[in-house]
Amino acid sequence: MLGSGEVIGKLQTSWDELLDHGGEPFVLSFPPVRGVHPSLTLMAVVVHSFDNQDGALSDSLVDCKITRETDAGHAQLAKYVTCKRVSHLNDAVQHFQLVLDQCPVGHPDRAAALTNLAYARLRGYIYKDLQDIDTSTSLFREALALRPQRHPDHPLSLYNLTKALTGRHNKKNAAADIREAAKLFHELLPLCTEGTYLRSIATGANGIDYVIGGCNKLPVDASDEGIHLRRVILELCPLGHQLRPSALHWLAQAVEARFQQCSSIDDIDETIQLRREVMYLHPEGHPRRGSYLNNLALSLVLRFNHQGKSNDLNEAILLHEEALHLRPVGHQSRDFSLDNLGGALITRFNKRGDNDDIIRAVSLLREALSLRPHGHPRRDTTLSNLAAALNAKYDKLHVSEDLNEAIDKYRESLRIKRHDHPERHRTLRNLSSALCSRFKQTGENEDVEEAINLCQESLEALPSLHPDRYFGYMRLQVAYLSRYRVQLDPLDLSLAVDNFRLASRHPTQGFPERLIQVYNWIVAAERHSHASALEAYVTFLELLDGHLATRSSTISRREAAAAFHYARSLPVDAAAYTARHDNLRLAVELVEQGRDQQWSLAFRLKTPLGDLESANPTLAHNYLQLSRRVSDAVQSSATITDRAAADRAATEYWRLKKQWDAAVAEIRNLQAFSRFLLPPLYEDLRAAARRGPVIIFVTNNYSCSAIIVTTSGEPHLVPLSSVVLADLNNLKDRFARATRHASVMDPKVPRNDLIVLLRTVWDEIMLPVVNVLQQDLKLKSHSRIWLCPTAAFTSIPLHAAHPFRTNADRSKEPCLEDLYICSYTPTLSALVRSRQMMKRRVTPSFMTIGQGRPGAGKCKTLLAVDSEVELVHKLVPATANRGTISGNAATRAGALEALEENTWVHLACHAKQDPMQPYNSHFFMRDKHLTLLDIMEKDIPHAEFAFLSACHTAVGDKETPDEVIHLAAGLQFSGFKSVVGTLWEVNHAVAKHVVKAFYENMFKDSKDGSVMDCTKAAWALNRATHAVKMKVPLEQRIVFIHIGV
C-alpha cells in the first residue's frame, strides 16, 4: 500500500484469484529492474464491513481514505517522474500530506506516511522543482526513529535518510551531512543482502561512492571522532573496491596527524601499515606510485625520529630514491622528491656522519631550489632545508662559507614566510641554531643574543604540548650554554639546565631524542660541576628503561641499548658520581638499575607470583596470562624478516603491552606490592649479601673504587687510588694477549706474563678490598664473597688476584682464593632472584652433554670431550638420576630438552661468544647452534647447577659491557642458580683435571643423590684449582669461575 513511489511494473488480477490463496502469503514477481528481480509478498483476507463492534466501521473508513489518498499520491508521483510536470508533484505532495495528517503519533502507518511525503519532496528537490531539502531530511529522520533495528523497513529508512543527506551535501557542501551519511551507510550495508535491489542502489555511484568521495574531500581531522569516520569509510571499501586506496590514504593521514600531536607509537605503526597497503595496491607502473612511495618514506622517517630504528631511515631513503627515479628531469613533482630525499639524507648524516650523505643532500636541495624560483609557494621550505644541509655540513667540515650561506638562506626563508605561517617557528629556531654556531666560531656577542631571542620567539608561538617545543628547548640550552662558556655567568648555566630538563621531559618526543639531550645534560653538569648531575643520571636511566621496553624482542632491546654506545658506561658513572658525594646506597641502586636493564626487562615476564597469588589470585592470574601473551609476541617478532609483518607484530606487541602495563599498575595499588617490578631499593638489594659480602667494582674517567655491600649497616667505599680507567683498559688488553700466548706454550713453562698481571690485580685492586674485609668487617677466612665487576673490570680475572710473594718466614703470602671462596654475580638482583627460587627444589637429576664433533666444517674436533663425559658420569653419585647425551644425540633440540628436564647439567663442547650480537653466542651442537636466546626463552625454575666446560661462556658484551650478557648469565636467567663458566679458551685435555677435582669435592660427602647441593659449587671449584696446581697450567686453572649462589 505505502511504497516509495517508483513504478516497477503493473499487475492485473481478479478478486477471485487473490482470494483463492485462502489467507496465505504469496509472492508476485516482476520483470528485472537494473539487473535485480523485484518481488512482492501479498496476503489477501476478507474484511466484513458490517462488523458489530463499536468504532470498527469508522476505523475501516479511515483506513480506506488513507489507502485512497496514498494510491492517488503514488499515481501523481509516477506521472511527475515520467513527464516532470510540477502540478503532478504538487498534487502528490498534497495527497501524502493528507495521509500524514491522518496518521498521528502512534499510528501504525505514520512511518510509511512520513516516508512517502519525504520521498516526494526529495524527488522535487532533485529535479530542482523544490528548494527545501531540510523538510525531507527531518521527515526521513523521524521515519527512521519509528523503524528501529530489526524492523523490516529499517534498512530502507537508513537508505532514504542517506539520499536526503547526500542530496543536501551536493547543494550545500555541509561536512556534517556527508559524515552522517557515511555512518548510516556503515550501518546499512551489513543489512543489505547481496543481489537485492536495495544493495544495488546503495552501492552505486550515487550511494556509497558519492559519500566516500565527499569524505575524502574533508580536511584531515586527527580527533578520535575524525579517525573513527575514516575507519568507517575504510570498512565501506573492502578488498577490491576501487576507492580502497584513497580510503587507506586518508585514514593514514588522520592517524599520522594524531601521532604528530600525541606521539603515540601505536599511531605511527598503524600509519606505516596503512601506507604499505596503499603501496601494494599501486605496483610498479602505476601513475601515482611515486606519491605513495613518498608518503610511506616520510612516515618511516617520523618513526625513526621517534624510536631511532636505523632500518626505518634506510628504507625511507630507498623509497625516496625510487620516487625520484619515477620523476625524471621535467616531471612536475620532481622538486618534491628532491626535497624529501635531501631531508632524509640530512637525517642520516646527523646520525652516521657519512660525508657522502651531506654532500649529496646539498646537491639535491640546490636542484630543488632551482625548480622553485622566486614566487613559488614552497620556495621557503626548500630554502630552509638547504640551509639545514649547509649547517650540518659546516658542523662536520667546518667550512665557514657553508655556515654563512646557511644563515643567509634561513633569513631569506624567514622573509618569505608570513607571520602566521605554521612553519615559521621552525625557521626561527633553525636560524637561532646557525647563529649560535657562528658565535662559537667568532665570539660575536650579537649572534648569540639574536639566537636566544629568535628561539624564545619560536617557543612563544607554540602551545605547551606542541611537539616542536622540544626542539626549541634543545636549541635554547645550546645558546645559553655557549654564552656561559664564554662569559661564565652562572645564570646562563642554570637556564641551560632548565631547558635540558624541559626537553628531556617533553612527552611528545620519542625516547632516543630525549636520551641524547639527557646525555648532553650529564656531560655539561659533570664538566661544570652543576648540582643537577644526579638528576640527569636518574632521568637517563628512567628514559632508557622506557625506551628498551618499547622494543618487542630481546635482540632489538640490545640493539637499542647499543645505539647509545657513547653512554654505555653511564650506569657506572652515575654510581661513581653518587659515591663521590657520599651517597653509597643510591650508588648501588643506580649501578644495579643500569646493569640489570636487559635482564630485568625480560625477567618481568617471568616474575614468580607466589605472594601475589595468595593476596589476590585474580590479579595474579590476569598478570600471568598477559605476561605469557607478551612473551609469545616478543618471541614471534624475533623471527620475522618481512617489514610489513614486523610492523604488524610490533603493533600487536604494543596492544598487549598496554594491557600488561595496566595490570601491573593495578597490582601496585595493593599495599604490599607498591614496588612490584620497579627497580629495587637498597634495602631489597642488600639481601644479596646474606651469605657473604658483595663487592661492586666501579670505574669511570673520574675515579676507580669498590663498594662493599653487607646485610647490615651502610655500604663501605674502598677507593682504588692506585689505578685509573686507562690502567684498567690496558690491564684487560694485556690479559687477553697473555692468555692467548699461554695457550701455545708448553704446560711446564712458567706463565711469567700472567704472574705479573695477577700481582698487579692483587696490589692495586684486591688488596685494598681485602684490608677492609679483614680489618673493618672482620670477615673470617674461607668465607664466601661475591664479586660484581662493571665496565673494564669485567674482563679482568679478579678472583685470581695473587701476590706471588714469600713472607720473611718463607711462607707464601696468601692469594685471594686462599683467603675467601670467590663467586661472581652479574647483578645483585640476579643473586637475590636465584636465592628466592631455591625454595622450590625437586628431586635432583644430572645430565652430561658432550659434543666434540659438531657439524662438518664448524670447528675442530675436541678429542677429549668423550672421555670428559665418561669421567663426569662416573663421578656423579650412582644413586642419582643421571644420564648422558653425546655424538649424534647431542643436537640443539636434545640439549634444550636436557636443560629443561634436568636439575644439574654438565656441558662439554665448543662455545663462542658473539661480540657483535651477544644473544647469538652459542654452544656448538651436532646439527645447529644452541644460542643464548634459545636458553633465555626457556623457563626452568627447578634447575639448579650447570658446569659449562666450554670456551668464553662468561665473557660479556663489548657494546654494552655494563650489561653482563653471556652464556653463563643466560643460564642463570633461565633458572640455574649456580653456574661454572669460563673466561677464555678451554683446553679440554688439561681442563679435565679441574673437572675431575671439582666433582670429587662436590660429591665428597654424598652417599646418595638427594644430598646434591649446588651451593657447594664455589667451594668445590676453589678446592679443585688448589688441587691441580701441579697438573694444570695457570691460565687453565683460573679460566673457570663460579657464578650464582
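**Exercise 1. Describe how helix α11 packs against helix α13.**

Step 1. Helix α11 (residues 244–262) and helix α13 (residues 289–307) pack at an angle of about 25 degrees, and their axes are 12 Å apart. Axes are lines fitted to C-alpha atoms, for helices over the stretch in contact, and angles run from 0 to 180 degrees between N-to-C directions.

Step 2. Angles under 35 degrees count as roughly parallel, over 145 as roughly antiparallel. Therefore α11 and α13 are roughly parallel to each other.

Step 3. List the contacts (heavy atoms within 4.5 Å). From α11 come H249, E256, F259 and Q260; they meet Y292, N295, S299, L302 and H306 in α13.

The model is predicted: local features need pLDDT of at least 70, side-chain atom pairs count only at pLDDT 80 or more, and totals for chains, interfaces and linings use all residues. Residues are numbered from 1 along each chain as its sequence is written, and side-chain values use heavy atoms, with hydrogens and water left out.

**Exercise 2. Find how helix α10 runs relative to α11.**

Step 1. The axes of helix α10 (residues 224–235) and α11 come within 9 Å and cross at roughly 160 degrees.

Step 2. That angle makes α10 roughly antiparallel to α11.

Step 3. On the α10 side, the contact includes D224, I227 and R230. On the α11 side, W250 and L251 are among the residues involved.

**Exercise 3. Check the length of helix α14.**

Step 1. Helix α14 (residues 310–325) has 16 residues, which at 1.5 Å a residue should span 22 Å. The expected span is 1.5 Å times one less than the number of residues.

Step 2. The end C-alpha atoms of α14 are 23 Å apart, which agrees.

Conventions
Helices (H or I, at least four residues) and strands (E, at least two) are DSSP runs, numbered from the N terminus. Angles under 35 degrees count as roughly parallel, over 145 as roughly antiparallel, 65 to 115 as roughly perpendicular and the rest as oblique.
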